[in-house]
Amino acid sequence: MEKRLLEAEDLLKLQFVGDPHVSPKKDQVAYVLTKIDPEKDGYSSSICVCNLEGNSQQVTYYHDDKRLIKDKTPKWSPDGRELAFLSNRTGSSQVWVISLEKGGEALPLTNVKGNVVDFVWSPSRKLLALTVQEKDLKDETKSDVQVITRLRYKADGEHQFINTRKRIYLYDLQLKEYSQITEDDYDFYRPQFSPDGESLIYIGSKDETQELEYIPSIWKYDLIKKEESLVYQGKGPIRAASYSPDGKWIGFIAHEHGETSSNNLDVWAVSPSTLEVRNLSGKLNRTVDNLIRVDAQYDTGAQTIVWNEGSSAVFF
């Protein structure tokens, strides 16, 4: 093939892969494939699965003549038989699921008001924990006049005023019932189940000064006692939180220097029982962060850490 110079139209042929998730059997990887749609002036995405030999297969298909369809955030069921993901097929972001054993079309799992922006399976596969972005309780008027009630009412990448809150819900897959975990005028996100499935952790702030300086904390919700408790009082940004396999530690990425982006992020661990806090990467002398930024908009996945099976080490 004869070589030629790169042309502007070549950029429209670029494809992007991101947000990889290894199956429970560790024999497959699910990821998001994003393509550029010049006619709709945006990006569309689908879910693909690749085996260890490098053979990849697209597993979600959906087309709309007028809208850009985005299938993203793939997450394996605990038994590895199904793959759940987020999709805007119905006009709002909901959880869908596809059987990799039986094949066929993906089916919707949720139908909530607002948009599901994150979710996680429970270890028993009976529950889903959802982060739902829904309309602010204060914004119930039907007037076309926008009343600003927050200091932080705009943000980069948001095409409209911020008038929503992120709340945590539980969805019972057998009873098909929702239960709201977090309430009031706060944002909570990144839910994670404990290994025994009896508690749920999530990130968020209840500080009265959060409009001036947003400092999130890590909260724990006991699913048996229906009680919420503070596990770690944040002192700076928190990017991720996940239980160790033995349930004795919660690992997270954070720093303790307020709401600033110029400080190094470290890997920390806190005991949910004793509340002991350890800095695991303080001697690394570099930030635990993704410093590569591009203008292309594709699903890179949320930043996270991964524990080894013995709960003695973390990967980041």
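S93 sits in the loop between strand 6 and strand 7, where strands are DSSP runs of E with at least two residues, numbered from the N terminus. This is a predicted model, so local features need pLDDT of at least 70 and side-chain atom pairs count only at pLDDT 80 or more, while totals for chains, interfaces and linings use all residues. Residues are numbered from 1 along each chain as its sequence is written, and side-chain values use heavy atoms, with hydrogens and water left out.

Is S93 buried or exposed? S93 counts as buried because its relative accessibility is 13%; the cut-offs are under 20% relative accessible area for buried, over 50% for exposed and partly exposed in between, using a 1.4 Å probe and protein chains only. A polar atom of the S93 side chain lies 2.7 Å from the backbone oxygen of V116. Skipping residues up to four places away in sequence, S93 touches L86, S87, N88, G114, N115 and V116, with contact meaning heavy atoms within 4.5 Å.

## The largest nonpolar core

V116 turns up again in the largest nonpolar core, which has 15 residues. Such a core is a set of buried Ala, Val, Leu, Ile, Met, Phe, Trp, Tyr and Cys residues joined through side-chain atoms within 4.5 Å. V95, V116, F119, W121, L128 and L130 touch the most other members. Strand 6 (82–87), strand 7 (94–99), strand 9 (115–121), strand 10 (127–135) and strand 11 (164–172) are the elements that give two or more residues to this core.

Take W121: leaving aside neighbours within four places in sequence, W121 has contacts that include K75, W76, P78, V97, L128 and F193.

Strand 1 (residues 15–22) and strand 2 (residues 28–37) pair antiparallel over six bridges; pairing takes at least two DSSP bridges between the strands. V17 stands opposite L33 in strand 2. Five residues lie between the strands of this hairpin, and K26 takes a positive phi near 60°.

## Cysteines

How many disulfides does the rule give? The count is zero, a disulfide being a pair of cysteine sulfur atoms within 2.5 Å. For C48, the nearest cysteine sulfur is that of C50, 9.2 Å away. C48 is buried, with a relative accessible area of 3%, and C50 is buried too, at 18%.

## Out at G282

G282 is in the loop between strand 20 (277–279) and strand 21 (306–307). With 46% relative accessibility, G282 counts as partly exposed. Its C-alpha atom is 8.8 Å from that of W268, 14 residues apart along the chain.

Technical notes: Helix = DSSP H or I, 4+ residues; strand = E, 2+ residues; numbered from the N terminus. Polar contact = N/O pair within 3.5 Å; in protein donor to acceptor, adjacent residues only side chain to side chain.
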